[in-house]
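This report describes a ligand site and one residue of the protein shown below. The sequence and the structure should be kept in view while reading.

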Amino acid sequence: MSNRYAIVLAAGKGTRMKSKLYKVLHPVLGKPMVQHVVDQLQPLGLEEIITVVGFGAEQVQEQLGDTVRFVVQEEQLGTGHAVQQAETHLNGKQGTTIVVCGDTPLLTKETLQAVLEHHEQEEAAVTILTAQANDPTGYGRIVRDNQGQVSKIVEQKDATAEELAVQEINTGTYCFDNVLLFDALKQVSNDNAQGEYYLPDVIEIAQQQAQKVSAFQTARFSETIGVNDRVALSQAESLMKQRINEYHMRNGVTIIDPAHTYIGADVVIAPDVVIEPGTVLKGSTVIESNAVIGPHSEINNCHIGEGTVVRHSVANASHIGKRVQIGPFAHIRPEANIGDGVKIGNFVEIKKAKVDNNSKVSHLSYIGDAEIGSDVNVGCGTITVNYDGKNKFQTIIEDEAFIGCNANLIAPVRIGKGALVAAGSTIHEDVPSDALSIGRAKQVNKEDYAKKYK
Ligand code: UD1
Ligand code: CA
């Protein structure tokens with residue numbers, strides 16, 4: 001294996017998306033397209049990944065962070081011009097440079113690896129990744145001579161009627177001999193329908209110099225689609241969804257309705273998890289075995305323990321233990337830490353709060369900025385009053401406490417171990433362990449008053 005380098009093209013505006021968000025940042029199953037591309041390149045043992053940025057440079061750089069090196073293309077003069085911007089880093093280096101577009105999010109590392117290996121084995125100067133498309137509209141067409149050798153690539157807008165009929169397309173992924181690439185780019189002109197410097201013109205130039213031009217055709221066109229507009233974006237979403245769902249099902253996850261289940265590329269799910277319809281799993285969520293998620297739940301960046309059930313609920317950036325019951329209609333907001341065997345029932349919101357093992361918050365409560373011990377029962381309608389309009393304060397409820405229905409716990413406040421808070425209380429002072437606290441207006445009954453009043 002020779003030295004390998006990669007260039008990712010991500011400087012275009014993406015006019016056809018009709019969006020303020022730059023094209024390569026549009027997410028497919030929650031992850032920006034260009035991130036999908038970089039994530040697939042990452043495992044290929046590359047010396048360097050250089051990303052060409054232009055429109056939205058700052059946002060793309062922020063997205064990819066320091067996993068790649070950036071070069072800026074000040075003006076978007078075409079894909080050939082974009083690649084030229086990487087010359088400062090790659091000039092004169094011996095080896096193979098793989099070029100990938102930032103708008104082909106479905107490409108897999110397996111296919112990229114295969115095209116690199118083909119290129120190296122063939123000792124080619126250029127290898128194009130091609131595919132057979134039922135509808136090739138919009139793609140560059142692969143023109144072959146009568147020996148079947150690739151002679152050039154012609155863009156849709158420059159193609160003759162005969163060339164338009166060709167169904168073999170340029171996927172926009174290529175391997176080049178690095179030195180030849182930058183030499184040939186100097187000869188590319190912008191004399192074409194779009195007035196751009198086309199990277200694919202390098203193929204014809206290499207061919208004319210009697211360099212070896214090879215094509216590697218993948219049987220999986222669906223992996224190579226380029227996303228130029230929202231129609232293609234929805235196709236990419238659908239194909240990615242299907243691929244990810246199939247991966248999990250083959251891994252032992254039951255997905256009741258794959259057409260209505262959306263799982264992000266980085267989600268980890270153990271075997272014997274059941275995903276009910278209408279579920280969306282995002283970010284770096286991890287779900288342990290025997291959990292049941294859904295129907296209709298949205299989970300982002302959470303860790304969900306073994307045997308936990310989450311029905312009709314939303315959970316974000318939280319840790320949820322084993323055998324927990326959540327929902328229906330619960331909202332777990334960031335930094336919740338929910339222990340084993342806990343029950344979080346309907347219309348309960350938990351935020352930045354710890355709820356320790358076997359505690360129950362079963363109905364209609366708000367628990368924010370709180371620490372709840374184990375075996376605590378929080379009655380229906382209990383509120384931690386955590387905010388005075390300026391600052392947030394902490395509520396602590398120690399183990400085995402029992403909070404009656406409709407209590408207001410005005411923070412900062414501590415309810416001691418085993419204490420009892422009477423229903424309807426407004427508690428603003430600490431309650432000692434094992435005490436009963438009643439904080440409500442005394443009830444007065446006036447005999448026969450109602451009869452007179454009416
Ligand atoms: C390109 C190919 C076409 C191929 C298709 C595959 C060219 C001229 N055409 O067409 O043969 O079938 O991809 O999807 O290369 N970009 C820059 N700077 C620029 C222009 C583009 O960085 O000046 C980036 C874009 O952000 C994008 C990628 O290059 O990620 C491809 O550009 P795009 O305009 O989408 O090319 P296509 O018309 O799809
Ligand atoms: Ca494209």
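Why does glutamate 48 count as buried? The model is a predicted one, and in it glutamate 48 has a relative accessibility of 14%. Because buried means under 20% relative accessible area, glutamate 48 falls into that class at 14%.

## Glutamate 48 and its partner

Glutamate 48 is part of strand E4, which covers residues 48-53. Its side chain forms a polar contact of 2.3 Å with the side chain of arginine 69.

## The site of ligand 1

Ligand 1 takes up the space of the largest pocket. The shell around ligand 1 holds 25 residues, of which Gln73, Thr79, Gly140, Glu155 and Asn170 come nearest. By class, this shell consists of 12 polar, 9 nonpolar and 4 charged residues.

Strand E1 (4-10), helix H3 (79-84) and strand E10 (168-177) each contribute at least two residues to the shell. The largest share, 3 residues, is supplied by E10.

## Polar atoms beside ligand 1

Oxygen atoms of ligand 1 lie beside both side-chain and backbone atoms of the protein. For arginine 16, a polar side-chain atom is 3.5 Å from a ligand oxygen atom. In glycine 78, a polar backbone atom lies 2.9 Å from an oxygen atom of ligand 1, and in glycine 102 a backbone N or O atom is found 3.4 Å from a ligand oxygen atom.

Taken on its own, ligand 1 has 750 Å² of accessible area, and the protein covers 91% of that area.

Methods:
Residues are numbered from 1 along each chain as its sequence is written. Chains are lettered from A and ligands numbered from 1 in the order in which they are written. This is a predicted model: local features need pLDDT of at least 70, side-chain atom pairs count only at pLDDT 80 or more; totals for chains, interfaces and linings use all residues. Side-chain values use heavy atoms; hydrogens and water are left out. A residue is near a molecule or strand if one of its heavy atoms lies within 4 Å of it. A polar contact is a pair of N or O atoms within 3.5 Å; within protein, one must be able to donate a hydrogen and the other to accept it, and residues adjacent in sequence count only if both atoms are side-chain atoms. Accessible areas come from the Shrake-Rupley method with a 1.4 Å probe; for residues, only the protein chains shown count as cover. On a 1 Å grid over the protein atoms alone, a cavity is a set of points where a 1.4 Å probe fits but cannot get out, and a pocket is an open set with protein on both sides within 12 Å along at least five of seven lines; lining residues have an atom within 4 Å of a point. A molecule sits in a cavity or pocket if more than half of its atoms lie within 2 Å of its grid points. Helices (H or I, at least four residues) and strands (E, at least two) are DSSP runs, numbered from the N terminus. Ala, Val, Leu, Ile, Met, Phe, Trp, Tyr, Cys and Pro count as nonpolar, Asp, Glu, Lys and Arg as charged, and the others, Gly among them, as polar. Buried means under 20% relative accessible area, exposed over 50%, partly exposed in between (1.4 Å probe, protein chains only).
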